[in-house]
Structure formats: C-alpha cells, structure tokens
Amino acid sequence: MCGIAGFVGSWSPALAAAMTAAIAHRGPDGDGLWSDEGVALGHRRLSIIDLSDAAAQPMRSADDRYVLTYNGEIYNFRDLRLELEQAGAVFRTGSDTEVLLALFARDGLECVKRLNGIFAFAVWDRRDRVLSIARDHLGVKPLYYAVLPQGFIFASELKSLTLCPDLPREINAATVGDHLGFLWTAGENTMLRAVKKLRPGCALTVTADGAVTPSRYYQTPQFDDAAPANPNDAIALRDMIDRVVADQMVADVEVGALLSGGVDSSAIVAAMCRATDPSKITTFCAAVTKPDSGTDNFGDDQTHARTVAKHLGVKLIEVTTDADLIAALPDMIWQLDEPTADFAAVQTLLLARAARENGIKVLLSGVGGDDLFTGYGRHTAGLIWAKANRVPGLRSLGSAMLGMFPPSSILGRRLKRIGSLLSMPEDEMLADGMSYSAVGTDRRRTLLAAGLRDAMPADGIAEGLRTSLDRTRGHHPVERFLDLELNGFMPDHNLNYTDKMAMQAGVEVRVPLIDHRLVAHAMQLPLSAKISLRETKRILRASQRDRLPAEILTRPKQGFGVPVRSWLQGPARDMMEDLTSTAAVSSRGLFDADAVTALKDDFFAQRVDAAFTLFPMMAMELWCRSLDTAETAGS
C-alpha cells in the first residue's frame, strides 16, 4: 500500500519528485524516484510485506528492462511466486512487488488476469519505451491521469497532478450536476476536464511518442436470473468469506479491523477469528453523540460493536469521532480529490489515525456488503417498484399516497422518497434512486448556472450511469441497482473516501466482501436469497447465524456519518451562508444565485429536504477555493 506518480513527456524529473512528495502521507515509510530520458516514476512506501529496504520502489526487473511503481497488495503473490520459481525465476526479496514485476516481465499486461488483490501500478518498458498502467478489478485503489500536449502524467491522487504547470484547471461542467445530485461523479470524469480516473478493471499503454491505448481486462459479471435457491447457499457463502478473509490477512505487520456492529463488518471479524487467535485481533469503532433532532438516520455503532467484540473475544477500541466539522471540512474536501459531501470520510480518517496510533497499518473493512447483497433503502424501493409495476395504475396510486408525507421525520422522508421513485419510469427511477438529493431533477437543473445547464442530461441520468443501465436492461430493477453500485457508487464514492482518508493516516484498508471471487459467487445467487420486502441481505445474515448474536443480524441499516440536516440548520449555518452567498455563487459561476437563495429558504422552512443538495454546493465551492490556491511545481 503506497502512493505512485510519474510521467512520460518533456517535463523535468523534479516534477515527478514534487508529485511524489505531495502524497507522502500514503507512504510514510520511504520514498523513491527513478528517471530516464522523457520518463520518471515516483513512489511513496507503506511497508507491509517484506519490510526490508530491498523491497523499496521503483523496482527494476532482474534484466533491467522493466521498472515498476506499485500501490497495493497482491494476496495470491506466494502462489504466483512458486509458479514463477518453478519456471526458473529467482527472487531476491520476499515482497509481492517483485512477484508482480516478474509476472509482468513474463506476461505483460495479461498478468492482471492472474492477480487477486488491490492495486494500481505503472511499468516502464525501457527497451520498447512503453508505459503500462492498470487498476484493480473493483477499483479499491485509485489512479488518475491526464493526456496533455507535453505528455502523459499519472498519480494515485488528483492533487499530485495539479502540481503540473501545464495542467489546465478548467472545471468539467458535467460533473457539477453529478455532484449536486449524487455527491460523486460516475465514470472516468473528475472535476477537472483534463483529468480522468482510470476505471476499475482497466489498463492502458502509453508510448514515448504519446499514443494512448486503453483496454479492459475485467467486467463485473451479469446476474444469473435463472439461478435456483439452494439450502446450502448460506453455508457456501460463509465458507467463501472465510477463505477470502484469510487470504486478505497476508501481511508482515498486524492486521486489525473496522467494526461498526453491523452484519458486514461483524461477518469480517468473525471470519478473522477463524484465521487467527481472536485475542490477537484489534478492532475499532466510531463513538458518536447521537443528535436529538430525529431528522437523521444515525447509528449507535459503539453499543453494537461492544456486543460483537465481547461475543467474538476480540479487542475493541472506541474512537470519539465528534470532530470540529466546520474546521475539518475544507481539508477533507481537498484531500478527497473530489468535492465529496459525505462526513463519513472524517470518521474514516479518525478511525485510521487511531489504528496507526495503536501500531496497526492494515485494517479489514465491511465496505461493499450493502452494494453486493442489498443493504440500502433504494434496493427495497426497487423491489416495491417492480411489484407495483405488475398492476396497472398501482405505481401512480402509491406515488400519490406516499407523496403526502412531510419530509420532517426519517419515516416521512423515506415514504415520500419511495413515492417519488414510484412515479418514474424504470431507468429514471434507477438513476434517481442512486441520488442523495431529494430535490428533483428539474429543480436541480435550475440551480446550475445558465451556461452549465445543458451539461446536465434532461432526464437527470448522469452519463457515467448510462453504461450500466444499458448493460443491465431486462434484468430486475434491484439487480440493476446492484450493478450501479458495483460500477459507480462503490468505486467513485465509498472506496474513494475510504482509501483517501485512511491513507492520510498511512493505513491500508482491505475490503474482503468485494474480492472479485466473492463478487462472482454472489452474482450467481438468486435475487430472492438477497432481498424480500421484510429483509435485506438475507443470505449474508443467514450465513452468520451460528456466529453472531441475533440483535446484530436483525439490526437495520443506519448511517455512518454526521447528521447533516441538523448540522446545516445549526452550527454550520454561517458556513453555509458564506459558501452559498450571492457574492460567492455569482463569482464562481457554477450556480444560479437566485435559485440557490430560494432553495435555502425552502430548506429552512422545511418545505424541501435540501440538505444533500446544499451540502454538495458547499463542498464544490470549498474544493474550488483549494484549487485556486494550489501551487504548481516550482511556483
């Protein structure tokens, strides 16, 4: 787990050095820089496997042809090493880095099909003068790049790329609407028009003369709609989780876990207890003061985490995460590389810091359980939509009845939201279901500045979501939601903030529930095994019945974050007024000042649940202010 940066082009190696230094937090254990004519590769090291200096990067192949800079962990590196040794390879380290380099030297980019792990890497072929970069199957590790007239630059974090003096800083208009509705940008786009995200399961090559060739080596599998239920499915799932967790515990340092007391993280810790002595496992949970407003669905993680920790016999450290959010927000937004309006990121940072303070560099997390096995309210809404759609007129009737509920309570907001989704045709319902905003598409468009409105599709479906919708047409709406999760929400939101915030503290987070083997297994399960009107994540809960307390298996989904509605109406109101003032909005040119003022009036009068529309506006303004003051290398 590390940070990487580099280029192929006409820049000085000093640029690569500066880009690498900008992500020093990702690798506090060491740094390295390799350069040749027209190319430079940088590396920051977080040593987890083979802690010796011999495993430092950038690393050269035995024949000196290839140079590798790599971020991640290859969980099956020992099996691959044995295979390579049997073919005559000789290794001088015990690292997974050297195994990856030897495998690439033998197979080229085809090697990614053999990897089980989380990774983003770049390899320079000194003989053919070709750069190859790749990102892991599900997008756990980030990789940004830009194709410029002066060459090709890449880095683990977007903020590294802004150091390049030749990088244009023009805002991508399409992503403004995306963040306004979804809090994240689906697909390859970022807030900067010139910068792209390498998509999960993708690779590309860059020649010395600038020719860029993209490729895809992995695509999440389609659902097997004809899959029959099997009484042994839950046991098979439990056993697979055990195998995956055991694989992902490979390390030469202590491995801990994040434990919220929900079924996802609890299942991970239960599996860890099968792989090692429970008394040697340290877990961390967030301890948060619950608000009195009742307007935010907000969990009591520490109580449930205590129950699980006691039941399994693991150590639990409770981490107070009642941060000064007003002070934390500007740095958080810039460190995330995208204006992600989700305070779960701050909690992740504080948990990672606590782990590092306790000598732990690696944490396992339950991220992905909701996205793979149906854990969100939108999945239940999709099931209701599908059932109502079978009866002519029932969707319209349900929409009218549910639309009468006021949004001033959690229940009222949920029912009103389902009613809104029932009124929509399927594709629009799916896209809107992925949105955090309770403000409709038409009104969100009026919030944009006049020059940006055309960049937002008329149907509100972000361009990055269309690929998934086209690919899954004909499948059940809930299955289509899961594809949107795995190919959008998860890599572009959940995994992004998990990686960026944990790596701020120099901590690696591994996510067993989205190991690509487990994803393939889950896709073959019938939808009925995952969700009913009464229960989500049915098979995951069933797989843990002999391991976890009943109150954990029946615990409803609750938020991991901050009560944004009460926060905006109270302590953060002055901050919101500053960031969304007429002067600030007009100067930035992203939004319509009059429309923003009207939305704020409706929010404070509780006519519209606009918290997760106003908060992204604040985040985008903060991000842009950081961009305005971000220095370039040499400036």
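Mentor: Two strands pair if DSSP finds at least two bridges between them; strands (E, at least two residues) and helices (H or I, at least four) are DSSP runs, numbered from the N terminus. This is a predicted model, where local features need pLDDT of at least 70, side-chain atom pairs count only at pLDDT 80 or more, and totals for chains, interfaces and linings use all residues. Residues are numbered from 1 along each chain as its sequence is written, and side-chain values use heavy atoms, leaving out hydrogens and water.

Trainee: Which strands form the open sheet, and in what order?

Mentor: Its 5 strands run β15-β14-β13-β16-β17, with parallel pairing. β15 (315-320) and β17 (508-510) are the edge strands, as each pairs on one side only.

Trainee: How do you know that β16 and β17 pair?

Mentor: β16 (residues 362-364) and β17 are joined by 3 bridges, and at least two are needed, so they pair. Leu 364 stands opposite Arg 510 in β17.

Trainee: What joins β2 to β3?

Mentor: There are 7 bridges between β2 (residues 30-36) and β3 (residues 39-45), which run antiparallel. Leu 33 faces Gly 42 across the pair. In their hairpin, with 2 residues between the strands, Gly 38 has a positive phi near 75 degrees.

Trainee: Why are α17 and α18 called oblique?

Mentor: Helix α17 (residues 463-471) packs on helix α18 (residues 477-504) at about 140 degrees, with axes 9 Å apart. Angles under 35 degrees count as roughly parallel, over 145 as roughly antiparallel, 65 to 115 as roughly perpendicular and the rest as oblique; α17 and α18 are therefore oblique to each other.

Definitions and conventions. Axes are lines fitted to C-alpha atoms, for helices over the stretch in contact, and angles run from 0 to 180 degrees between N-to-C directions.
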